[in-house]
Amino acid sequence: MNELRELARKLLTDGEVRVIIGWESARRGARPMFVTEPDGADGLIFDARCVHNLVTYLNPRRDHVAELGKIGLVIKGCDAKAVAGLLREAQLTRDDVVLIGVRCGGVLEENELPEAVALTRENVAPRCYGCDNREPTLVDHLLGEPQPEPPQPAVTIEERVAALDAQPLQERWAFWTGQFSKCVRCYACRQVCPLCVCERCVAERTQPQWIESSPHARGNLSWNITRALHLAGRCVDCGECERFCPVGIPLTLVNRKLQQIVAERYDYKVGEDPEIHAPIGDYRLDDEQEFIK
Amino acid sequence: MTDVTDTGAAAPQRYFISEADLRALAADLLGAGTDVIAPVSVDACQSPSALATAACLRPGVAPVDVEYKAIGDAAELDLGRDLPVLSLKQFFLPDHEALCRWHQRGLEVTVEEVPTTFAPRVVLAAKPCDSAALAVVDAVMNWDYKDELWNGRREASTIFNLACPVIDESCFCTAVGSAPDDVKGADGLLTPVEGGYVVETTTEKGRALVAAHPARFEAAGDPAMVGRIRQTQAERAGARSRVAANLEIDAESVRDWIATHFEDPLLASLAIRCNGCGACSSVCPTCHCFDIVDEEEGVGRGTRRRCWDTCQAPTFTLHASGHNPRDDQHVRYRQRINHKFSIYPLKFGEVLCTGCGRCTRVCHAGQDLVEILGAIDIAARRPGEAAAAAGAAAPGDVEAAS
C-alpha cells in the first residue's frame, strides 16, 4: 500500500500525471478515488474490496474525467484486459495513460465492508476462479508481492451456466424472460461497462427506433440481447454490469455463455494483447459462413 | 411524536389488529376483488425450476428480494419490514404505461384513449418514505397540468404504512422532513406491538377501510391498548433517534445555499466517480421524470407510452440541434441535487427526497447522498469548515485542483 501511495505521490509531484484513479476506503466500503494533489495519495488503498474495474473511467464517453488531464490508473490483472480492449478498438492511445498494475489474488463478491476480510470459497468473486493474470500486463509500474491463486468459489460461473444449459428450451426461456422482466432500462449495465464505447447507443436511436425504449417484455428482450451480442468476444468478464444492475439480473451468465460460444466457434479468448483482433472486429476468408443461406 | 398522553380509551382512530387478522383483512379484500399491493419476498431467480434457481444464485447474495407486488394470496404478505428494491412509485407511475393507442387506415387516424379511472385498491405495509414520496410528487403532478393517470391511481388507493425500524446507515428520512413512522401520503399507520399491530387511521379513506371490516379490528376501548400504545411510542421514538443519528441537516439552509452557489466547486464537481447510469433515479421514490415514445406495433397501429427517464442520461437534455446544455456528468449530477434539494422545495415547498437511501445503496461507484448532503450542509451553515469537510466528501480531493 505504501508502495502505491509513494508512487502516486511521485507521479503527481513530478507532473507525470494530473490525476491518479485508484481506490479508497469510504463510509460504505471501498470505492473509486480520484487524487489530484500529492497529499491525497495517502488515501489510496488496495485490498480484496477493490472490485471496481476502473478502466471504465478511460472510456472516451467520460468527458468529465478526461478534463482532469493525464490519468494514472491503478489496475488489476483482469482490468488490463479492458485496457487492451480499448487499445484494440482504437479508443485509447497508450501514451495518454500511465498504468499502475497491482498484483491481485482475487477480490470479494460483496465489497461493501469497513475493511477487507480473507478470501474464502463463500466470499470470493466467482469470476476470479481460474484467474490467468494475477500479475497485470501492459503496465508502466508493477506493484505488490506475487499473489496465490484465488480460492475456488462454492459455485462457479461455469457450473451455473451448465445448470441453465441443462434445462429444456422452455425452461430457459422462462428463466430469462423472468429475469429480463425485472429490467427497468436504467442502462446501468451499459454506463459502467468499460467496453460500451458507442457515442450514441443503438438503444437511444429513435429514427428509426431499433429497440423499443419501454421496459416491457419485448423492449427488455431486445435491449438485453443487443447488449450481450454487441459484447460477444469483447466482454472482459469484469462483472460490473451485473454488480451495478439495480434489480439483480445475472448478466454474467449471458456474458459467460457468449464467451463459450466465441471460444468454440472462433477459437478466441479475450486477452491482454491489443494486437489480436476480436472476431467481431475481424474478417477472415476462412470464417465459417454456413449461416448465410 | 403525536398523542403521547393519549391512553387510547377515547381514541376512535386507534385500533389493534392481530397478525392473523391483518392477513385475514388482506384475504377479505382479495375475496371482494380489491387489488392488494404489499411487500412480498421474491425469489431473486424468478424461475420455478430448482436447477435454474441454482444457476441464478450467487454466493454472498441473498436469494430473495423484497418487492412491492399485487398479491394473489394473503399468505404472500411480507411483514419483515425490509426495504423493497423498487419503491412504491411503480404503482402510481409505472416504468412504462400507455397514454393512447393509434390506428391508421389510409388517411384516417383513430386514437383510442386509455382509462384514467381505476378500481379501488389497498396498499398494505408500505414504507413511510415511499408514501411520503407520493405526497411530495402530488404537487408537480397537479401543477400546471393535472396528471389524470397519477391522480386516478392516487384516488383509487388506500395506503397503510408499516412503521419502519430503520434499514441501515444510508437512511436519512428525518433529515428531509419525513420519519420512519410518517403517515404523509398514507391513510394510516401500522406499528408492530406484541401479537399484532396498533392501527392509526389518519384520513377518511383510512377510516372507511376500518369501518368496512369491523370484525378485523379491535377498537381502542380494550384495556390492553394502554400498554400497546406505550409500546408503539417506544418503537417509534427509537426508530426516529436511530435514523436521526445518520444525518442531520438544515434543509432550508441547504436549499438556499444550492440556489446561490450554482458554480461553487463543491456543487460543480460532485460526480467525478459517477457513471451516469441512472440506477439512482430508477429506484428513487420521488424521481418522476418520464419520456414519451411512440412505439409501432404493426402496420398502421401503435402505442404512445411514457417510460421512466433520468436526468443522468446525456439524451435527457440533448436538443434537436445537437446542442446539449448538460454536457457532462458533473453538470447532470448537480441537476439531480439541485432539483431535489433546491428547485423543487423553492417551487413546491417540499424537498424532493424522503431519505430512503436507495440511491446510495444501489450505487456501487460510491456516490453517497448522506455524505454529499452532509458536506453541503456544512458549506451552508459553517462555511469555515466546508473546505476541510469537502476533502472527505463525495468529490474526493478533486475540487482542490479545479
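H5(A) and H7(A) are roughly perpendicular to each other, a label that covers angles of 65 to 115 degrees (under 35 is roughly parallel, over 145 roughly antiparallel, the rest oblique). Before going on, note that this is a predicted model, where local features need pLDDT of at least 70, side-chain atom pairs count only at pLDDT 80 or more, and totals for chains, interfaces and linings use all residues. Residues are numbered from 1 along each chain as its sequence is written, while chains are lettered from A and ligands numbered from 1 in the order in which they are written.

Back to that pair: H5 (residues 169-181) and H7 (residues 217-230) of chain A pack at about 100°, with axes 9 Å apart. Axes here are lines fitted to C-alpha atoms, for helices over the stretch in contact, and angles run from 0 to 180 degrees between N-to-C directions. Helices (H or I, at least four residues) and strands (E, at least two) are DSSP runs, numbered from the N terminus. On the H5(A) side, A:Thr177, A:Phe180 and A:Ser181 meet residues of H7(A), including A:Leu221; contact means C-beta atoms, placed from the backbone, within 7 Å.

Now hop to chain B, where strand S8 (residues 188-193) runs parallel to S7 (residues 157-162), joined by three bridges; strands pair if DSSP finds at least two bridges between them. B:Phe160 has B:Gly188 as its bridge partner. On to S9 (residues 196-201): six bridges join S8(B) to this antiparallel strand, and B:Pro192 stands opposite B:Tyr197. Two residues separate S8(B) and S9(B) in a hairpin, with B:Gly195 in the turn at a positive phi of about 85°.

Terms used
Contact = placed C-beta atoms within 7 Å.
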